[in-house]
Amino acid sequence: MEQLKQELKEALIDTLNLEDMTPQEIDDAAPLFGDEGLGLDSIDALEIILILERNYGIRIEKPSEGKEIFYSVDTLAQFITANRTK
Amino acid sequence: MAQTNESEWKGKTRGGSFGYRFFILLIKGLGIRAAYGFLCLVVVYFIPFAPKATKASWQYARRRLHYNRLRSIGFLFRNYYRFGQTLIDKVAIRSGKTKDYHFDFGTHYDEFLQLLNSEQGVILIGAHVGNWEIGAPFFDDYGKRMHIVMYDAEYQKIKEILEQNMEGGGYQVIPVNEDNLTHVFRISDALNRKEYVCFQGDRFTQGAQTLQAPFLGTNASFPAGPYLLASRLRVPVVFYFALREKGMRYSFNFVLADAPPAENKRGKQETVLLTQYIEALEAILEKHPEQWFNYYDFWKV
């Protein structure tokens with residue numbers, strides 16, 4: 001799980017142009033979206049959808065559950081562990 | 001590239017629901033022509049009593065179209081009249097008066113249908129010109145697989161009107177609300193299911209990411225969302241405009257966008273797409289300058 005979180009943070013930094021951040025600076029439990037935490041927006045959410053599809057072979061089947069899954073690095077890692085196909 | 005900007009549309013459109021109800025009664029009772037006749041009076045009222053919209057329309061005529069003052073006055077009437085006419089036509093067609101109109105599907109209609117049938121998701125990008133909704137009844141079964149992305153404030157307004165007075169257009173609405181990300185998941189889900197997602201490529205609300213590009217000779221801001229989405233998801237993109245022609249006629253215009261080259265870096269692909277959109281939009285406005293219905297200072301960057 002720790003390795004997966006590290007991998008995820010690296011993918012986020014790389015894809016979302018957060019080059020001035022290091023994986024250590026991203027708190028596992030902090031909200032990714034909204035004013036607190038990382039403050040990502042809806043275009044960033046789309047990039048994360050693409051990371052899930054490309055790297056882990058996962059599609060979000062229920063749009064209504066997306067917000068909970070995308071809450072933090074922790075919730076994303078849990079979802080990936082439970083659903084990954086690669 | 002992307003930045004927050006002040007010249008955004010305020011999220012609301014003028015013309016209370018009383019006005020809509022009145023016109024619906026007029027069309028049903030006395031017919032479309034009577035409604036057009038009454039519209040002339042409404043236009044005369046709107047020019048002085050909707051000063052912000054009148055100013056925007058005037059500046060568009062003077063600065064973008066380079067009309068002289070006299071021609072610009074005539075333009076104000078034509079611009080408002082056409083706008084009202086598209087609203088009347090929308091109501092008339094929704095209440096079953098399709099036979100009163102002629103529709104021309106343009107040169108790229110077959111290619112467009114091929115794309116819709118090609119077992120992949122498609123993104124359509126329109127604009128606040130002409131009357132895009134007028135096409136909805138013709139898309140029948142395709143309509144059920146269309147998802148229209150619109151700002152929440154806009155959706156709340158038409159939702160009530162749709163429910164009270166008319167049948168729905170057959171399509172589904174995805175309201176955009178930045179506070180919850182549901183729209184992103186719904187858009188991605190729809191395209192995964194090989195359905196169609198429609199955006200308006202010319203308006204944004206406060207705080208939205210924008211792209212700047214020259215449009216009718218001067219830099220303007222466009223919403224970054226539709227172009228970023230389309231270039232990241234790598235699905236075919238069609239620009240779609242429905243224009244009111246003379247003599248109870250509408251023309252549908254489909255422009256199939258070229259896919260941006262894959263090796264282009266992020267930050268370039270959406271610009272390639274926006275450039276194509278602006279080209280298509282400028283070609284439409286050259287023929288129909290009076291069907292530009294963005295009543296705010298569009299060029300304030």
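At what angle do helix H2 (residues 32-49) and helix H4 (residues 69-94) of chain B pack, and how far apart are their axes? The legends below begin with this pair of helices in a predicted model and then turn to other parts of chain B.

**Figure 1. The packing of helices H2 and H4 of chain B.** In this predicted model, the two helices pack at an angle of about 140 degrees, and their axes lie 9 Å apart. H2(B) is therefore oblique to H4(B). Their crossing is right-handed. On the side of H2(B), the residues in the contact are B:Ile32, B:Ala35, B:Tyr36, B:Leu39, B:Val42, B:Val43, B:Phe46 and B:Ile47. They meet B:Leu76, B:Phe77, B:Tyr80, B:Tyr81, B:Gly84, B:Gln85, B:Ile88 and B:Ala92 in H4(B). By class, the residues of this contact comprise 14 nonpolar and two polar, with no charged residue.

**Figure 2. B:Phe46 in helix H2 of chain B.** B:Phe46 counts as buried because it has 22 C-beta neighbours inside 10 Å, and the threshold for a buried residue is 20 or more. B:Phe46 is one of the H2(B) residues that meet H4(B), and B:Phe77 is among the residues on the H4(B) side. In sequence, B:Phe46 and B:Phe77 are 31 residues apart; in space, the distance from C-alpha to C-alpha is 9.5 Å.

**Figure 3. The open sheet of chain B.** Seven strands form this sheet in the order E1-E9-E8-E2-E5-E3-E4, and their pairing is mixed. The edge strands are E1 (102-104) and E4 of chain B, each of which pairs on one side only. On average, neighbouring strands of the sheet are turned by 25 degrees against each other, direction ignored. Chain B contains ten helices and nine strands.

**Figure 4. Strand E3 of chain B and the strands that it joins.** What share of the residues of strand E3 (residues 146-151) of chain B is buried? Five of its six residues are buried, and the strand is mostly covered. E3(B) runs parallel to strand E5 (residues 196-200) of chain B, and three bridges join the two. Within this pairing, B:Ile148 has B:Cys198 in E5(B) as its bridge partner. E3(B) also pairs in the parallel sense with strand E4 (residues 172-176) of chain B, over five bridges. Here B:Pro175 in E4(B) is the bridge partner of B:Met150.

**Figure 5. The pairing of strands E8 and E9 of chain B, with helices packed on the sheet.** Strand E8 (residues 237-245) and strand E9 (residues 249-256) of chain B pair in the antiparallel sense, over eight bridges. B:Ser251 in E9(B) is the bridge partner of B:Leu243. Helix H10 (residues 269-287) of chain B packs on the sheet and touches E2, E8 and E9 of chain B. The direction of H10(B) makes about 15 degrees with that of E8(B). H8(B) lies across E3, E4 and E5 of chain B and runs at about 145 degrees to E4(B).

**Figure 6. The side of chain B that touches chain A.** In this contact, 16 residues of chain B meet 15 residues of chain A. Helix H8 (182-192) and helix H9 (225-233) of chain B are the elements that give two or more residues to the side of chain B. H8(B) provides the largest share, eight residues. Sorted by class, this side of chain B has five nonpolar, seven polar and four charged residues.

Figure 7. Where does B:His66 lie in chain B? B:His66 is placed in the loop between helix H3 (51-64) and H4 of chain B. B:His66 is exposed, with 11 other C-beta atoms within 10 Å. B:Glu119 is found in the loop between helix H5 (109-116) and strand E2 (122-126) of chain B. B:Glu119 counts as exposed because it has 6 C-beta neighbours inside 10 Å.

Methods. Residues are numbered from 1 along each chain as its sequence is written. Chains are lettered from A and ligands numbered from 1 in the order in which they are written. This is a predicted model: local features need pLDDT of at least 70, side-chain atom pairs count only at pLDDT 80 or more; totals for chains, interfaces and linings use all residues. A residue is buried if 20 or more other C-beta atoms lie within 10 Å of its own, exposed if 12 or fewer, and partly exposed in between; C-beta atoms are placed from the backbone. Helices (H or I, at least four residues) and strands (E, at least two) are DSSP runs, numbered from the N terminus. Two strands pair if DSSP finds at least two bridges between them. Axes are lines fitted to C-alpha atoms, for helices over the stretch in contact, and angles run from 0 to 180 degrees between N-to-C directions. Angles under 35 degrees count as roughly parallel, over 145 as roughly antiparallel, 65 to 115 as roughly perpendicular and the rest as oblique. A crossing is left-handed if the near helix is turned anticlockwise from the far one by less than a right angle, and right-handed if clockwise. Two residues are in contact if their C-beta atoms, placed from the backbone, lie within 7 Å. Ala, Val, Leu, Ile, Met, Phe, Trp, Tyr, Cys and Pro count as nonpolar, Asp, Glu, Lys and Arg as charged, and the others, Gly among them, as polar.
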